[in-house]
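The tour below takes two chains in turn.

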Amino acid sequence: MNLENPTYVMIKMTAGVLATVGLYSVLYRETKLYRFFEHMFLGLAAGWSLKAIWTDTLKDQWWGQMVGKVDEQTGLMKEPAVWPWAFVVPMAFMAYLIFSRKHNWISRIPLGLLIGLGAGQTFLNWFNLYGPQMQDSVKVLIPTTFSSLTVPPVVNGQPDPNVYLSQAINNLIFVATLLCVLSYFIFCTEFKSRFLKGMSTAGRLVLMVGFGAIFGSTVMTRFALFIDRMYFVWIEWLWRSVLHLS
Amino acid sequence: MIPLAQATEPLSFWQAEPGSTKMWVLIVWAVVVGFVAVAALLRTPTRVRPMIVSAVTFLAGLYFVLHWLWPTAQDYNPDEVPRNAVEGFSFWLQGTLPSVTAFAQSLGAMLLGIGIYSLLSIHLGRLFKRQKDWFFSLVFALSMASMILFGYWDWITRLTPEGAKAATDAPSLFPHFAKDLLFSGLFINMDAVMFSIIAFFIFSAAYRAFRIRSTESTILLGTALIVMLGLMGGVVVSQDTLLNSLAKPGESVIVDSLRLPTIRTWIQDNLQSPSIRAMEFGLAIGGLAMALRLWLSIEKGVSH
Amino acid sequence: MSDQNTGPAKKPIGELLQSANRTFLYFILFLVVSLSLVVTQIRKVEVPTQPEAYTIEAYKILRNVPPGGVVIVDTGFTNSSRGENGGQMEALLRILMRSGAKFAVLSWVEPQCIEIARGFIRTINEERKAGGEAPYREWEDYLVLGFFPDGPTMLQTVHQNVREAWKTRQATDPSTGEKKSVFESPVLRNVQKIEDVHAYVTLSASGTMPTIVARIGKQVKVISMITGVMFPEQLNYFKSGQLKGLVNGLSGCVELEWLMEKGIDSAGVVGGDAPGKPVAAAFKGAKNFDRGMAYYLALHSALSLLILAVAVGNVGMWLTNRSKKL
Amino acid sequence: MQYYDTGYLQILFVVLLMAFILFNIQRARGGKQLFIRRIPGLSAIDEAIGRSTEMGRPVLMVPGLSGLDPVGIQAIKIFGYITRTAARFGTPIRLLLANAPLYSVATEMIRDVYQTEGVPERFDPQSVRFVTDRQFAFAAGVAGLIYRERVAAAFLMGDWYAESLIVAESANAVGAIQVAASTITTQTPFLIAACDYVMIGDEFYAASAYLSREPVLVGSLVGQDWSKLAIAVLIVASSLYGSFEKRFVQQTMEWVQEPGKAGEMRPIPARMKNNDEILPLRFFSPRKPGPLDPPRQKKPGAENKTGGDS
């Protein structure tokens, strides 16, 4: 008997259907049914985290390095044991002092350490993350040729270095949009001139366009997942497994 | 890295033979020393405490700052002798990086216990004091316990010699079924259910919010509408056939630019991406500033 | 407000249209989607679609794998995004198996992705058996390399030396029944460097693609199959040519199925019948429409319902404002 | 030309931004009065708390899935100010987290708030809770709590992902006033649809400065404005110069690609520059790997490592 055993698969699917009904019940109102499945969900999640924290992180990242590795066949040392990893334990213990009324300040040492590392990484990665985006925002604003207003179809796959009027206009819109939105996020001056005021207002409006577009493209995914759930309940479970229809 | 070969190298002060008594002694010793240090810290005067925390934070940050500022040696190779001191330090930085990240991860992982303690203190308290909803706390405790039990049981029974989890040809044992039912049957399904429930909320939120009340909401609504229509193949095709009756693709620029996918991509390229990008820049700088304040401990209430 | 002229007893129609009960809305959505699914199931509804350029490129590459050519399938989705990635996976496997391509499955997102991928392979194999085709055999036709805890490093090594990156991975050779290195199997036997791989397909619900493109994008054709949420930011990678093909969520999945059904003729027209060798042939008579098309009608009705609801709300507001003005 | 092709400009640029921030912090500390424009969402905070005080219902604060990073801590800082007001009126609070390290920091910071307000006895350790670190289990838990305790105000700030709408709509269903700010731009539209007040983009980072008027924060905010201007100037100037270069300057040299000749250029027939060849675009992207130094010697005992498989 293995995991593909039909009876077992049926049990498993039914469990999934029950979970669906239980959690969806919150759409009607927060009933005891929902509360039951919510707490089960939280329990399973906590349990799984406690399992994964060892099997996925600590065992290799910490224990494995502390006690080293030995090759089963040869019995030779694969990796030496680096005993200073043991210092992690008292380090972590400091954080647990947070529950002590008197010594809770100690917990700020390991946490400060983690915060420091996080901050350092922010500096390290900052440009790699945003530099390319700045570069990509540098656009050619003046058309190099007026031979055609729009981009002509590509001839035998040769890249055309020219910038046509339509492209130039699009680029202009791009840069203008960027500036307007940036100006909306200026906090420390009151814009006196009407032009600047207009810019930041425009910035907010263009942001709304961006948000609208995001909304539209996200809706599909969300609906797709819901449809999938319904497909699981009606077609895969009820239609195929229970009613055995084709 | 390639094993075995390392056996030829002499063990450094920080290393020990795996499984040897020496190793265990050293480990225990390290733990004891660590706790003694903690005990000593308990005695530090209040005035000094913030300084200690700030110092630790600064030094931790400094490590990555050096990674960032120090000239990085080209084609780093741990088996080679650095040419000069600058390169030597860069070698040290690059060599220690895996251990530092592993250290941060292990420390962070060990803190999970704090969270679990908070959970248990709430639920077990409710359970033993028979407070309202104690039954659901029981459900919580039971499902947590069983997930831990079967999670580990299954994991141990399916350990390969390399210590990796054999996701493939798994023996069909009882713990394996129990774990699979709890994990794939319930947990993963519940994940999917909560993910899919968002569809309902999008629906009600859109119905409530998308009113032609202000310019802003109108713009939001309009763009969302265009993009959504552009995603409905049925609509796109019918609109296309309609436009094709006016002019074949490529014949008229105006007609072509009326096609839904064209409009959608134009909006996404020339309005969405720059506006969102500008917003990202703002957030990025905000994050940079916050990181800076944290690193230098000039942010009130965190380090002191 | 408008209660004065209509009395508190019953709300005016405008108010009514604006304040539809939450539970009622949810129920309608639930009903509409369930019905469209059942309808699609009973009488196979085929909503037409129009493949986008990026989907077409993806199909061209996958459809034209040379015999014995290898494709790496990097799966990074779990059941929670099955609605979009699941259909994509099925379409991908059908295309690969029918065009006789060999493939190797790996993941570095979650170990469980591997088990899920195995499930899909099993399903498609059952389908092949039922259709009288030879099922795909592990080791000969496909491999499961398994889960890599540290993806970025693995990909970095792949960039330098693919054999080094996967050297610890083993699979069972059914002929002898013993575990051997995956590079001894017919699938990866001829792969010396990553350039020998025909395409690297990543299915994911998260932004794993840039990590891949940054490391091996210049050496191998990378195709990304993602959820609609991730699509806008990945489109730029396709435009800049870093991605060779892109499949956008559910609609992209339907487009793939559409292409499998219609094909691309020698003139590059989808569903056209120009003489000569087609750019990417169709799979005539085979089961091309599946999960994607099964969901597509439901997607249409759901989106239409959303638009309708918004419209109703606005009409309600308009009526109310007008009654206020009077 | 070679100068532009080294990576140091990247570092210089970031250092410049950091300098702006630190300089302005110093300025503000020096007692310089600095102005901050009004931020819509924040004026709603007092209203929301007042309402929950009247109704005797708790104030909910959730930083989404934020971890122990600048975003998470910024969120907790804002929650600190909210808690201060709540502590004065003795309004119950609920702070729910999905990250254990951040949970520890939050407990500390919230406890501090009650102490500085002189009402340490009002701090209930169970009001700050770790729910779970699994995204959707977290969403389920938070939603459940919202319905059960019928919170009157909800503050959703930080790294909010897909779960944002679940929480926001549940809070809306129980009629809570909601103030939201997500650093994940793709979620902002949904928060706008579901919440009463939404802080967009780095209004999130401006919030603590606006609320506290601490010189350090205000100064840093000015520095951030300067940095944004710097980016704007950079992009505009580069675009203009780039357009000019593309129109009037031709490409006459190209990098030699052969190995060992890295950094050398060879003349080519003059042609229009490709977009990636215009100077401003190469400012920040070093092309030249630089002439390689002579090879290093191997460490002793490293020879037998060249074998590869083992």
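What you see is a predicted model, in which local features need pLDDT of at least 70, side-chain atom pairs count only at pLDDT 80 or more, and totals for chains, interfaces and linings use all residues. Residues are numbered from 1 along each chain as its sequence is written, chains are lettered from A and ligands numbered from 1 in the order in which they are written, and side-chain values use heavy atoms, without hydrogens and water.

Select chain C and colour its charged side chains: there are 36 positive and 30 negative ones, and the centres of the two sets lie 4 Å apart. Along the principal axes, the C-alpha atoms of chain C fill a box of roughly 85 × 45 × 40 Å. In cartoon view, look for 12 helices and 8 strands in chain C, these being DSSP runs (H or I, at least four residues, for helices; E, at least two, for strands). Of its 326 residues, 55% count as buried, that is, under 20% relative accessible area with a 1.4 Å probe, protein chains only.

Now select chain D, where the cartoon shows 10 helices and 8 strands. Of the 310 residues of chain D, 61% are buried. Among its contacts (heavy atoms within 4.5 Å) with a separation of 6 or more, 70% join residues 24 or more positions apart.

Notes
Buried means under 20% relative accessible area, exposed over 50%, partly exposed in between (1.4 Å probe, protein chains only). Lys and Arg count as positive and Asp and Glu as negative; His and the chain ends are not counted. The place of a charge is taken as NZ of Lys, CZ of Arg, CG of Asp or CD of Glu.
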